[in-house]
Amino acid sequence: MKPDILLLEPMMPEIEKQLDAAYNVHRPTAGEPLDKIAGSIRGIATGGGTGVPRAIMDSLPHLEIIAINGIGTDAVDLNEARRRGIHVTTTPGVLTDDVADMAMGLLLALLRGLPAADRYVRDGAWGHTPAPPLGHRVSGRRLGILGMGHVGQAVATRASAFAMPVSYTDRCDKALPGYTFVPELLALARDSDVLVVAASGGAGSRHLVNRQVLDALGPDGVLINVARGSVVDEAALVAALAQGTLGGAGLDVFEHEPDVPEGLRTSPRTVLQPHRASATVETRLAMGRLVIGNLAAHFAGRPLLSPVA
Ligand code: 8YV
């Protein structure tokens, strides 16, 4: 008998096909009612941003494993999972490069004004109306990184190729050659032209990037967020952009996604993405394979490939 699992966020068709072959996959997002099948559900596959709403977790008495298709665990109640003996797995390693690439993409798009210039050409305005304003140089700008884990370090590697001096803050000094540790985020922001948020989400990092930090970055400073919307006080960000006390923001994640405040959507100082930093064919396949591998290991009684510690 195939185990019953819930799929809380769509995955690539070839991955879903493999899941369908091995499990009875239930898709509440496609309108399938949960109440009739809740008692049979033994596993969940979900996204990092979607996680597992507590009400769903509570309604599944026989849940054994939550396989996250991502690295963020902030949308899963890990304490409750531990208490109930529910395994949680993520997809570490395989998405690091893509997320770092997205950080650099947002930075280049924002500082060089790529979206506006693309629109200018696309609209047939070139040769007819004045060109969009000049952009700003990326190379050599001082980069501050909040959260020097795998993604933060991959951003630093890329930034070094742009001759950007790199400083970072984290819970502790990671003694990384070539990069300067700054214990205080506020001091890091004050001495940076670009602040990249690469820290995990959750209660411990909520609103770390507040009005003070944004003011410290200043009118020529830019914020890039490829981590979690919750790390940034979004209302303060909207205000800082509107008042011009912050130069710009490149955002892949939002505090209440998919809701994005109008102040961010209409600002000429923003470049926005719909939480897509890991969204490449190559990476989503690798992530999907890890989800499948973790579920398969669990239901075969083998050690999990990438359990959350
Ligand atoms: C994914 C993420 O977009 O890794 C994470 O935690 O949020 C992203 O990589 C997501 O998990 C897929 O829904």
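Select Pro258 to begin: its place is in the loop between β11 (248-251) and α10 (262-265), where helices (H or I, at least four residues) and strands (E, at least two) are DSSP runs numbered from the N terminus. The peptide bond that joins Glu257 to Pro258 is cis, with an omega of about 10°. This is a predicted model, in which local features need pLDDT of at least 70 and side-chain atom pairs count only at pLDDT 80 or more, while totals for chains, interfaces and linings use all residues. Residues are numbered from 1 along each chain as its sequence is written, and side-chain values use heavy atoms, with hydrogens and water left out.

Although Ala163 is not a glycine, its phi is positive, at about 55°. Most residues other than glycine have a negative phi, and most peptide bonds are trans.

Now colour the two domains, whose bounds come from an automatic or database domain assignment: domain 1 covers 4-92 + 281-300, and domain 2 covers 96-272. Their C-alpha centres lie 31 Å apart. Where they touch, six residues of domain 1 are in contact (heavy atoms within 4.5 Å) with five residues of domain 2. Between them the domains bury about 380 Å², 45% of it on carbon and sulfur atoms; buried area here is the accessible area (1.4 Å probe) that two parts lose on being put together, summed over both.

The term requires a side-chain nitrogen of Lys or Arg within 4 Å of a carboxyl oxygen of Asp or Glu, and the count between domain 1 and domain 2 is one.

By the salt-bridge rule the count comes to 14, and a further one to display is Asp77 with Arg54, with the closest N and O atoms 3.0 Å apart. Asp77 lies in the loop between β4 (65-69) and α3 (78-84) and Arg54 in helix α2 (residues 54-58), so this pair ties together parts that are 23 residues apart in sequence.

Finish with the aromatic pairs, of which there are two; rings of Phe, Tyr and Trp (its six-membered ring) pair if their centres lie within 6.5 Å, with planes under 30 degrees apart counted as stacked, over 60 as edge-to-face and the rest as tilted. Tyr23 and Phe299 form a tilted pair, 5.6 Å centre to centre with 55° between the planes. Tyr23 lies in the loop between α1 (13-22) and β2 (24-26) and Phe299 in helix α11 (residues 281-300), so the pair ties together parts that are 276 residues apart in sequence.
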